[in-house]
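Me: I'd like to go through this model and ask what each label rests on. Can you set the values against the cut-offs as we go?

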Amino acid sequence: MPPRSPDLPSVALPADKELVLKVVPMPADVNANGDIFGGWVMAQVDLAGSVLPQRISHTRMVTVAVNEFIFKQPVRVGDILSFYAGVQHVGRTSVAVDVEVFAERFSDQGKYVKVTEARLTYVAIDATGKPQSLPDTEQTRAWREKIQAQAATKS
Ligand SMILES: CCCCCCCCCCCCCCCC(=O)SCCNC(=O)CCNC(=O)[C@H](O)C(C)(C)COP(=O)(O)OP(=O)(O)OC[C@H]1O[C@@H](n2cnc3c(N)ncnc32)[C@H](O)[C@@H]1OP(=O)(O)O
């Protein structure tokens, strides 16, 4: 196995996002370098990103786009991965979500390395697979208002 690069300093976990998933990759998930295969990480990010949209849709949702995906640091076997998600846009049928992934080395817990960040978009679909409007729930309105308020403070 090639030598490991030294770990970066621990970073703070995001206060503006929600912990939606924790998982530990196993030896079956490695690539030819001995690190965790990027496709495995992408699959976990897709699942993690779907948690918040599913909270408001109450119907089937599909991933329409991976708008951005950055592998910042390698993931190792046995890392405890924490997936943090935040809704960035709520459209008529779609929800865009930012996902950040942090690794705790199994033998050095409590120190976090940011390994991945991504933006994905999910679409609510009906029984025939066509996009359908998101329901107008309290949660939907709360996210829309929060996003508008954040945009107003930026401009
Ligand atoms: C009953 C309950 C069951 C619960 C059960 C729980 C299961 C818990 C596990 C869940 C797990 C989920 C996570 C795995 C999810 C997969 O694995 S899904 C599999 C991969 N994805 C697919 O197969 C989708 C294939 N694509 C399609 O079917 C169609 O393209 C779609 C998605 C229905 C969209 O159809 P379309 O006619 O192109 O739609 P269109 O009207 O142009 O756009 C719809 C919306 O998408 C947006 N959009 C389109 N393209 C883009 C883009 N590139 N970027 C950003 N936004 C875009 C549009 O802006 C529009 O947004 P709104 O303005 O309406 O908000």
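Reply: Strands themselves are DSSP runs of E with at least two residues, helices are runs of H or I with at least four, and both are numbered from the N terminus. This is a predicted model, so local features need pLDDT of at least 70 and side-chain atom pairs count only at pLDDT 80 or more, while totals for chains, interfaces and linings use all residues. Residues are numbered from 1 along each chain as its sequence is written, and side-chain values use heavy atoms, with hydrogens and water left out.

Me: What makes E3 and E4 a pair?
Reply: DSSP has to find at least two bridges, and 10 bridges join E3 (residues 80–90) to E4 (residues 94–104). The two strands run antiparallel, and a hairpin joins them through 3 residues. Along the pairing, Gly86 stands opposite Asp98 in E4, and the bridge partner of His89 is Ala96.

Me: And how do you know that E4 pairs with E5?
Reply: Once again 10 bridges, with the strands E4 and E5 antiparallel.

Me: What is the whole sheet like?
Reply: It's an open sheet of 5 strands in the order E1-E3-E4-E5-E2, with antiparallel pairing.

Me: Why are E1 and E2 called edge strands?
Reply: Strand E1 (18–23) and E2 each have a single partner strand, so one side of each is left without a neighbour in the sheet.

Me: Which elements does the chain have, and in what order?
Reply: There are 2 helices and 5 strands, running β-α-β-β-β-β-α from the N terminus on. The C-alpha atoms fill a box of roughly 50 × 40 × 20 Å along the principal axes.

Me: Why is Glu104 called buried?
Reply: Buried means under 20% relative accessible area, exposed means over 50%, and partly exposed is in between (1.4 Å probe, protein chains only). Glu104 has 6%, so it counts as buried. This residue is found in strand E4, and its side chain reaches the backbone nitrogen of Gly110 at 2.9 Å.

Me: What makes that a polar contact?
Reply: The pair must be N or O atoms within 3.5 Å; within protein, one must be able to donate a hydrogen and the other to accept it, and residues adjacent in sequence count only if both atoms are side-chain atoms. The Glu104 to Gly110 distance is 2.9 Å.

Me: How do you know that E4 is mostly covered?
Reply: Of its 11 residues, 11 are buried. Both faces are covered: one side includes Asp98 and Phe102, and the other includes Val99 and Ala103. Across the chain of 155 residues, buried ones make up 40%.

Me: Is Arg76 buried or exposed?
Reply: Buried, because its relative accessibility is 18%. Arg76 lies in the loop between E2 and E3.

Me: And why is His58 called exposed?
Reply: Its relative accessibility is 60%, so it counts as exposed. His58 is found in the loop between H1 and E2, and has a positive phi of about 60° although it is not a glycine. Most residues other than glycine have a negative phi.

Me: Which residues are closest to the ligand?
Reply: Thr63, Asn67, Arg92, Thr93 and Ser94 are the closest of the 16 residues that surround the ligand. A residue is near a molecule or strand if one of its heavy atoms lies within 4 Å of it.

Me: What polar atoms face the ligand?
Reply: A side-chain N or O atom of Thr93 is 2.6 Å from a ligand oxygen, and a polar side-chain atom of Ser94 lies 2.7 Å from a ligand oxygen. For Asn67, a side-chain N or O atom is 3.1 Å from a ligand nitrogen.

Me: Which element gives the most to the shell around the ligand?
Reply: E2, with 5 residues.
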